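Thanks for coming. I will go through one model today, starting with charged pairs and ending with a surface patch. Please keep the structure open while I talk.

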Amino acid sequence: MSHDAPASDAGTQARPTRGRYWWLRWVIIGVAAVVLTVELALVWDQLAKASKSLYSANWWWVLAAVVAAMSSMHSFAQIQRTLLRSAGVTVKQWRSESAFYAGNALSTTMPGGPVLSATFIYRQQRIWGASPVVASWQLVMSGALQVVGLALLGLSGAFLLGASKNPLSLMFSLGAFIALIVLAQAVATRPELIDGIGVRVLSWFNSLRGKPADAGLNKWRETLTQLESVSLSRGELGEAFGWSLFNWIADVACLLFACYATGGHPSLAGVTVAYAAARAVGAIPLMPGGLLVVEAVLVPGLVSSGMTLASAISAMLIYRLISWIFISAIGWVVFFFVFRTEKDIDPDAIAVANDNVEQPPQFSPDPEARHEPEPEQ
């Protein structure tokens with residue numbers, strides 16, 4: 001019996017054990033397959049019409065639209081790399097682009113896609129070495145730059161069309177953007193500026209809960225310690241916003257090239273306004289990828305820009321086929337071949353291992369006085 005026990009134990013250890021929620025992965029895959037099948041059925045008529053439009057389209061302009069769409073995706077990766085680099089996190093170009101292709105596929109094809117995409121991108125940044133605060137800061141910062149870039153693009157198109165008779169509205173928007181830039185850089189480079197505000201707010205909140213005034217102060221300063229690792233210069237912030245604006249410009253170019261492919265000759269300002277309106281409406285999470293919502297806004301906008309209804313419909317179908325279906329298909333391929341094997345990686349375990357190697361300095365409200373961690377006894 002004593003000789004058989006080790007063999008039995010060895011056999012038990014060699015046999016793989018399934019976790020409690022082993023079935024959850026198959027449920028998710030099944031739900032994804034059902035959702036993708038339903039979406040394919042919904043857009044089947046659009047795909048059929050788009051295929052007919054492609055037969056008579058100018059293929060050189062179609063190719064140019066494909067290049068523009070992929071350039072737009074490239075800019076997402078550049079925004080992420082620039083912001084993370086300011087926090088001391090270095091990411092390879094292909095890893096960043098792969099993450100955004102996969103995240104875009106989740107965002108535009110799955111129910112609740114934007115949440116799934118943000119969670120996926122956050123997890124990847126944690127695996128790359130970003131702290132929770134830095135990863136969250138990057139997501140918020142890149143999102144803010146995207147919103148400002150789209151607003152500036154739409155206002156510029158409306159201003160060129162003469163829709164804004166008073167240029168003060170555009171000047172106000174530019175002033176708000178500059179204020180956002182200054183505030184973002186101040187928070188990123190000098191977190192001690194907001195320490196006093198945070199301490200007062202925390203004290204007031206604790207008084208409402210009947211807790212000590214310094215409750216949660218250590219956690220607040222721990223967050224600022226992680227934020228201190230961000231050193232976002234004006235040049236880096238300008239670079240990030242430049243890539244953010246280029247992302248919208250490249251996507252507008254994709255739509256414009258799709259219009260040229262169908263033989264249309266719309267005005268650049270009209271296409272820009274139509275694009276900005278469609279993107280703003282498509283951001284509302286009604287349907288995956290803004291299905292039917294984007295089309296309903298985009299076609300009238302293209303008609304008002306000088307295209308016939310038939311050409312506007314064909315251009316919209318080509319644009320959606322490239323910027324949505326084609327890019328999403330690439331994203332799903334990337335997801336299953338690059339990130340499928342990362343399901344067992346624990347980013348928090350990686351962070352703990354990195355913390356054991358080197359401890360960051362503790363946050364100090366006084367920027368001139370830096371306090372190193374006290375040595376363990």
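I begin with a term: a salt bridge here is a side-chain nitrogen of Lys or Arg within 4 Å of a carboxyl oxygen of Asp or Glu. This is a predicted model, where local features need pLDDT of at least 70, side-chain atom pairs count only at pLDDT 80 or more, and totals for chains, interfaces and linings use all residues. Residues are numbered from 1 along each chain as its sequence is written, and side-chain values use heavy atoms, with hydrogens and water left out.

How many salt bridges does the rule give? The count is three. As background, side chains of opposite charge can pair when their charged atoms come close.

Take Glu239 and Arg85, which form a salt bridge with their closest N and O atoms 3.4 Å apart. Glu239 is in helix α11 and Arg85 in helix α4, so this pair ties together parts 154 residues apart in sequence. Helices are DSSP runs of H or I with at least four residues, numbered from the N terminus. For exposure, buried means under 20% relative accessible area, exposed means over 50%, and partly exposed is in between, with a 1.4 Å probe and protein chains only. Glu239 is partly exposed at 31%, and Arg85 is partly exposed at 38%.

Next come Asp251 and Arg279, whose side chains meet in a salt bridge at 2.7 Å, N to O. Asp251 sits in helix α11 and Arg279 in helix α12, 28 residues apart, and the pair links distant parts of the chain. Is Asp251 buried or exposed? Asp251 counts as buried because its relative accessibility is 5%. Arg279, at 34%, is partly exposed.

The remaining pair I list is Glu295 with Arg320, at 3.0 Å, N to O. These two lie in helix α13 and helix α14, 25 residues apart. Both Glu295 and Arg320 are buried.

Now the pocket. A pocket is found on a 1 Å grid over the protein atoms alone, as an open set of points with protein on both sides within 12 Å along at least five of seven lines; lining residues have an atom within 4 Å of a point. Grid points are joined across faces, edges and corners, and the volume is the space filled by probe spheres set on the points. The largest pocket holds about 1400 Å³. Its lining has 47 residues, and those nearest the centre are Phe76, Asn104, Ser107, Pro114 and Arg279. Among the elements that give two or more residues to this lining are α4, α5 (93-109), α11 (234-261) and α12 (268-282). Which helix gives the most? That is α7, with seven residues.

By class, the lining has 27 nonpolar, 17 polar and three charged residues. Here Ala, Val, Leu, Ile, Met, Phe, Trp, Tyr, Cys and Pro count as nonpolar, Asp, Glu, Lys and Arg as charged, and the others, Gly among them, as polar.

Back to helix α11, which also contains Cys254. Cys254 is buried, at 0% relative accessibility.

Last, the surface. Trp60, Leu63 and Val67 make a nonpolar patch of about 370 Å². Patch residues have over 30% relative accessible area and no salt bridge, and nonpolar side chains (Val, Leu, Ile, Met, Phe, Trp, Tyr) are joined within 5 Å. Areas come from the Shrake-Rupley method with a 1.4 Å probe. Leu63 belongs to helix α4 (residues 59-86) and is partly exposed at 46%.

Definitions and conventions
Patches are made of residues with over 30% relative accessible area and no salt bridge: like charges are joined within 9 Å, nonpolar side chains (Val, Leu, Ile, Met, Phe, Trp, Tyr) within 5 Å. On a 1 Å grid over the protein atoms alone, a cavity is a set of points where a 1.4 Å probe fits but cannot get out, and a pocket is an open set with protein on both sides within 12 Å along at least five of seven lines; lining residues have an atom within 4 Å of a point.
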